[in-house]
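Hello,

Here is the structure I promised to pass on. Could you have a look at it alongside my notes below?

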Amino acid sequence: MTELSGKVALITGASRGIGYGIAEALVARGDRVCITGRNEEALKEAVEKLGADRAIGVAGKAHDEAHQAAAVERAMEAFGRVDHLVNNAGTNPVFGPIADLDLNVARKVYETNVISALGFAQKTWHAWQKENGGTIVNIASVAGVAPSPFIAAYGVSKAALINLTGQLAHEFAPRVRVNAIAPAVVKTKFAAALYEGREEEAAAGYPLGRLGVPADIGGAAAFLTSDQSAWVTGQTLVLDGGIFLNAGVS
Ligand SMILES: NC(=O)c1ccc[n+]([C@@H]2O[C@H](COP(=O)([O-])OP(=O)(O)OC[C@H]3O[C@@H](n4cnc5c(N)ncnc54)[C@H](OP(=O)(O)O)[C@@H]3O)[C@@H](O)[C@H]2O)c1
């Protein structure tokens, strides 16, 4: 088992997928982690896989302020600090055009993908980062960088999350660095509809020849939460297997 780094990360939505990939990467370098998710059983299993001496889980919905407070409090109680916050929990309940989108759905998407990240950032700031420093990484999406008609409402929320990243980077400097990661399609339950049964075809558009996997995002999050990125803040790192290279005229 790796020696402890002494650092602690709170990662939202980390019982599976990208969040779990990030938790694995940070635990592998010696961090202890507090992970969240709605399903308590799934969270327990993830904690066991990560190592019960290295991880704790706090169940709840990311947008619920009482849950945000409880997660930060539990991490502080268990580990005494929260150096890194990774706002990863996100939702995309609708596909297609937004001309007739139910505005209550739009509000829910915004609440989970944007307001939750702000809530967790506020609470982590006051509990630890304001006095002691640290980093925040927000998991956005390429849909927040360029309009993606099939997932428009989601893209709008991720664009807001990218702007929130810049705002927080400005406000929390110099003690806390805040960056975002904007992935293209990563193989998880969340994105399964975009590639299942046609992965080869879906991957063909990517210059690097494959879709992303959670470990790709884990590696980038490890960089953005380490001293290797000590002069990086307010940035959005696009992790897309090169797919944006196709935007030019040919
Ligand atoms: N996969 C992609 O292609 C892709 C690309 C770009 C960006 N992203 C972003 O990456 C993030 C993670 O997505 P993923 O693909 O890893 O999804 P995933 O495999 O479905 O995993 C989502 C994780 O978040 C938890 N979760 C979901 N909704 C939650 C909520 N409201 N409150 C708390 N926890 C919640 C889930 O557990 P429970 O269900 O038990 O709550 C699970 O642990 C999202 O923000 C997504 O927008 C994904």
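Strand E6 (residues 176-183) and E7 are paired in the parallel sense, over 4 bridges. Strands, of at least two residues (E), and helices, of at least four (H or I), are DSSP runs numbered from the N terminus; two strands count as paired if DSSP finds at least two bridges between them.

A word on the source: this is a predicted model, in which local features need pLDDT of at least 70 and side-chain atom pairs count only at pLDDT 80 or more, while totals for chains, interfaces and linings use all residues. Residues are numbered from 1 along each chain as its sequence is written.

The open sheet has 7 strands in the order E3-E2-E1-E4-E5-E6-E7, with parallel pairing. Strand E3 (55-59) and strand E7 (236-239) each have a single partner strand, so at these edges one side of each lacks a neighbour in the sheet.

Helix H2 (residues 40-50) lies across E2 and E3, at about 170 degrees to E3. Angles are taken between N-to-C directions, from 0 to 180 degrees, with axes fitted as lines to C-alpha atoms, for helices over the stretch in contact; contact means C-beta atoms, placed from the backbone, within 7 Å.

Around the ligand there are 29 residues, of which Gly13, Gly17, Arg38, Gly90 and Phe190 come nearest; near means a C-beta atom, placed from the backbone, within 6 Å. H1 supplies the largest share of that shell, 3 residues.

Best wishes

How values were computed:
Two residues are in contact if their C-beta atoms, placed from the backbone, lie within 7 Å.
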